[in-house]
Amino acid sequence: MTFKSLLLVGGALLTGTAASAGGYQVTLAGQKNNGMGGVGVGLSLDQAAMFYNPGALAMVKDRGVQVGVNATIARQAFRAEAGGTQRELQTTTSTPFNLYAGFGPTEGKFRAGIAVYTPFGSQLKYADGWEGRFALTDIDLKAIYVQPTASYAITDQLSVGAGLMILAHGSVNLQRDIPAQNSAGEFGHIELDGKADTKFGYNVGLFYKPSDKLSVGLSYRSKINATVKDGDVTFSGLSNTAAASFQAKKFGATLPLPATASVGIGVTPNEKLTLGFDVNWVEWSAYETLNFTFDAPVNGASTSTSKRYYEDALTFRLGGQYQVTSGLTVRAGAAYDNSPVRDGFVTPETPDADRRTATIGASYKFGEHFGLDLSAQYVNLKKRTETQSDLINNGTTDRVAGTYKTIAVVPGVGLNYTF
């Protein structure tokens with residue numbers, strides 16, 4: 001079976017792994033922006049400016065409430081370096097969402113609002129018996145931010161804004177098989193499940209519009225460390241002899257949710273056409289190792305360390321929208337995302353690669369206040385191969401040698417009410 005044929009029959013719903021950004025980052029924070037390649041830092045489209053550039057919120061003409069949801073439908077194939085059966089992922093469901101409410105005086109310079117969004121996550125479930133089952137069988141990582149935001153227009157051309165990012169909900173569930181068989185010939189299994197502590201960060205931005213046809217934006221979202229202190233450890237399927245070596249009940253771990261700095265440019269050649277170009281820099285180098293601590297030994301050790309050594313990465317985005325009629329606006333865009341994962345460090349929970357994304361979208365206004373936003377993205381990750389020699393040379397033999405290939409389609413829908 002070729003990779004192409006496998007991708008047509010096997011599937012999974014992923015969040016971070018195939019959704020619009022590298023690593024386990026998710027950039028599906030605004031339905032209009034999703035249809036424009038993810039641009040938004042240099043534009044003041046709607047209330048989603050709270051995520052893309054809080055400084056632009058004061059320049060958004062309308063106050064309003066909007067909600068959006070996306071379904072990340074991905075197809076992934078894996079073939080081990082030694083050959084054999086190509087593996088597919090089991091089907092799971094993941095729906096990144098966003099919610100915004102913006103307020104302020106009709107003619108004033110001040111705007112405030114609240115944002116809820118999912119900037120990080122990863123969800124994968126590998127097929128039973130796959131070659132990397134001793135590294136990973138399942139992962140479910142979630143991060144939900146709540147962000148109160150304020151923005152002020154210093155002049156008619158210049159505005160600034162800031163938001164307090166709150167990691168309101170963070171959770172992780174990791175599972176893998178243990179290379180110890182019981183009397184029935186089945187391998188043992190370990191599951192780590194925990195909730196992250198509430199943590200705080202910030203999102204700041206500046207927006208400058210020197211003319212009706214040009215705008216420029218800068219934004220910075222800080223890093224937040226998602227920390228699990230008393231997660232649950234569960235073992236199953238172990239023989240009585242093997243169980244004596246696996247006594248832990250609790251674990252702790254910290255996963256960095258990295259900082260992002262962005263610059264964006266908006267161009268409006270005429271009243272109907274708007275173009276945007278963004279560059280995002282993500283400080284993935286903060287993710288050097290994944291460390292676990294246990295309250296009792298696990299196979300003789302109370303700690304576990306796995307190398308990551310991610311690299312800082314850039315994403316380039318281009319998009320535009322055109323107002324066809326007073327009610328209908330259409331959108332299109334593209335993005336190129338450089339993977340932060342170095343050769344020889346690819347892991348089953350993030351089988352990442354450089355990705356190319358094409359997007360389309362549309363909005364329709366029903367009367368003066370209500371609107372419907374639609375978006376769709378096609379994400380194509382390059383084929384990614386790591387050999388056993390790569391793993392040995394980098395000291396990363398805790399993962400599996402082979403080739404990954406992923407493509408994804410991400411439809412989205414949103415509703416908005418302006419006042």
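These numbered points go through the predicted model, from overall confidence down to single residues.

1. Confidence. This is a predicted model, so the pLDDT comes before the geometry. The protein chain averages a pLDDT of 90, and 94% of the residues score at least 70.

2. Overall dimensions. The chain has 419 residues and a radius of gyration of 23 Å. A compact globule with 419 residues would have a value near 22 Å, so the two agree. Along the principal axes, the C-alpha atoms fill a box of roughly 75 × 45 × 40 Å.

3. Secondary structure and contacts. The protein chain has 23 strands and five helices. Take the contacts between residues at least 6 apart in sequence: 70% of these join residues at least 24 apart.

4. Burial and surface. Of the 419 residues, 54% count as buried. The protein chain exposes about 17,300 Å². Carbon and sulfur atoms supply 57% of that area.

5. Nonpolar cores. The largest nonpolar core has 62 residues. Tyr24, Tyr145, Phe235 and Phe251 touch the most other members. Strand S8 (residues 158–181) gives this core its largest share, six residues.

6. The S20–S21 hairpin. Strand S20 (residues 355–366) and strand S21 (residues 370–381) run antiparallel and are joined by twelve bridges. Gly361 has Ser375 in S21 as its bridge partner. Three residues lie between the two strands of the hairpin. In the turn, Gly367 has a positive phi of about 80 degrees.

7. S21 against S23. S21 also pairs with S23 in the antiparallel sense, over eleven bridges. Here Ala376 stands opposite Pro411 in S23.

8. Ala401. Where does Ala401 lie? Ala401 is in the loop between helix H5 (388–394) and strand S23 (402–418). Is Ala401 buried or exposed? Its relative accessible area is 6%, and the cut-off for buried is under 20%, so Ala401 counts as buried. Leaving out residues up to four places away in sequence, Ala401 touches Phe78, Ala80, Glu81, Glu386, Thr387, Gln388 and Leu391. Phe78 is 323 residues from Ala401 along the chain, yet their C-alpha atoms are separated by 10.0 Å.

Notes: Residues are numbered from 1 along each chain as its sequence is written. This is a predicted model: local features need pLDDT of at least 70, side-chain atom pairs count only at pLDDT 80 or more; totals for chains, interfaces and linings use all residues. Side-chain values use heavy atoms; hydrogens and water are left out. Helices (H or I, at least four residues) and strands (E, at least two) are DSSP runs, numbered from the N terminus. Buried means under 20% relative accessible area, exposed over 50%, partly exposed in between (1.4 Å probe, protein chains only). Contact means heavy atoms within 4.5 Å. A nonpolar core is a set of buried Ala, Val, Leu, Ile, Met, Phe, Trp, Tyr and Cys residues joined through side-chain atoms within 4.5 Å. Two strands pair if DSSP finds at least two bridges between them. pLDDT is the predictor's confidence in each residue, from 0 to 100. The radius of gyration is taken over C-alpha atoms; the globule rule is 2.2 Å times the number of residues to the power 0.38. Accessible areas come from the Shrake-Rupley method with a 1.4 Å probe; for residues, only the protein chains shown count as cover.
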